[in-house]
Amino acid sequence: MELPPSIVAVVEDDPSMRRSVRRLLNAYGFVTEEFSSAEAFLSRDAASKVECLVLDIDLGGMSGIELQRRLRDCGSKLPVIFITALEESAVKADAVQAGCIAYLHKPFPGALLINAVNKALAASTSD
């Protein structure tokens with residue numbers, strides 16, 4: 001029996017960036033679910049089997065780092081890849097401390113994101 005494809009959730013408040021990330025991931029065979037906010041991600045269908053989270057840090061409401069902390073506090077081991085336009089070392093330190101798989105600064109080469117997603121999915125299947 002064939003395993004269902006891995007679902008990568010993209011949480012990004014900029015519609016064009018969200019669409020670009022989705023298209024890139026889809027081109028590499030990943031199934032994606034898109035969310036425009038951390039709150040929308042939290043209210044998604046619980047049956048959704050997201051295996052990796054591509055997460056913008058600077059969202060309109062709850063920040064990406066806050067979302068990751070909330071997930072961790074609930075016992076989630078969902079691997080997170082942060083994407084951001086912010087160039088603050090304190091923000092990067094917070095993201096790394098929160099346990100992200102990768103921290104990518106926009107604009108980033110597509111290969112970096114694909115490599116990070118593959119790394120995240122490999123780590124999640126070894127748990």
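Author: Happy to. One term to begin with: buried means under 20% relative accessible area. Also keep in mind that this is a predicted model.

Reader: Good. Then F35 and F41: buried or exposed?

Author: Both F35 and F41 are buried.

Reader: And how many aromatic pairs are there?

Author: The count comes to one aromatic pair. F35 and F41 form that pair, and the arrangement is edge-to-face, with 5.3 Å centre to centre and 90° between the planes.

Reader: What lies over the face of F41?

Author: That would be R44, at 4.1 Å from the ring centre of F41.

Reader: Nice. Let's switch to the sheet. What is the strand order?

Author: The sheet is open and has five strands, in the order β2-β1-β3-β4-β5, with parallel pairing. From one strand to the next, the twist averages 20°.

Reader: Remind me, what holds paired strands together in general?

Author: Strands of a sheet pair through backbone hydrogen bonds, either parallel or antiparallel.

Reader: Back to this one. How many bridges are there between β1 and β2?

Author: Five bridges, with β1 (residues 7–11) and β2 paired in the parallel sense. Together, β1, α1 and β2 make a right-handed β-α-β unit.

Reader: And β3 with β4, how many bridges there?

Author: Four bridges, again in the parallel sense, between β3 (residues 50–56) and β4 (residues 80–84). If you look at D56, you will find I83 of β4 opposite.

Reader: Which helix lies across β3 and β4?

Author: Helix α3, residues 64–73, and α3 runs at about 150° to β3.

Reader: What about β4 and β5?

Author: β4 and β5 run parallel and are joined by four bridges. T84 has H105 in β5 as its bridge partner. The chain gets from β4 to β5 through helix α4 (residues 89–97), in a right-handed β-α-β crossover.

Reader: Last topic, L24. Where does L24 lie?

Author: L24 is in helix α1, residues 15–27.

Reader: Why does L24 count as partly exposed and not buried?

Author: Because the relative accessible area of L24 is 22%, and buried means under 20%.

Reader: Which residues is L24 in contact with?

Author: Leaving aside neighbours within four places in sequence, L24 contacts G110, L113 and I114. L24 and I114 are 90 residues apart along the chain, with their C-alpha atoms separated by 8.2 Å.

Reader: Great, thanks for the tour!

How values were computed:
Residues are numbered from 1 along each chain as its sequence is written. This is a predicted model: local features need pLDDT of at least 70, side-chain atom pairs count only at pLDDT 80 or more; totals for chains, interfaces and linings use all residues. Side-chain values use heavy atoms; hydrogens and water are left out. Rings of Phe, Tyr and Trp (its six-membered ring) pair if their centres lie within 6.5 Å; planes under 30 degrees apart count as stacked, over 60 as edge-to-face and the rest as tilted. Buried means under 20% relative accessible area, exposed over 50%, partly exposed in between (1.4 Å probe, protein chains only). A charge sits over a ring if NZ of Lys or CZ of Arg is within 6 Å of the ring centre and within 35 degrees of the ring normal. Two strands pair if DSSP finds at least two bridges between them. Helices (H or I, at least four residues) and strands (E, at least two) are DSSP runs, numbered from the N terminus. Axes are lines fitted to C-alpha atoms, for helices over the stretch in contact, and angles run from 0 to 180 degrees between N-to-C directions. Contact means heavy atoms within 4.5 Å. A crossover is right-handed if, with the strands pointing away from the viewer, the path from the first strand over the helix to the second runs clockwise.
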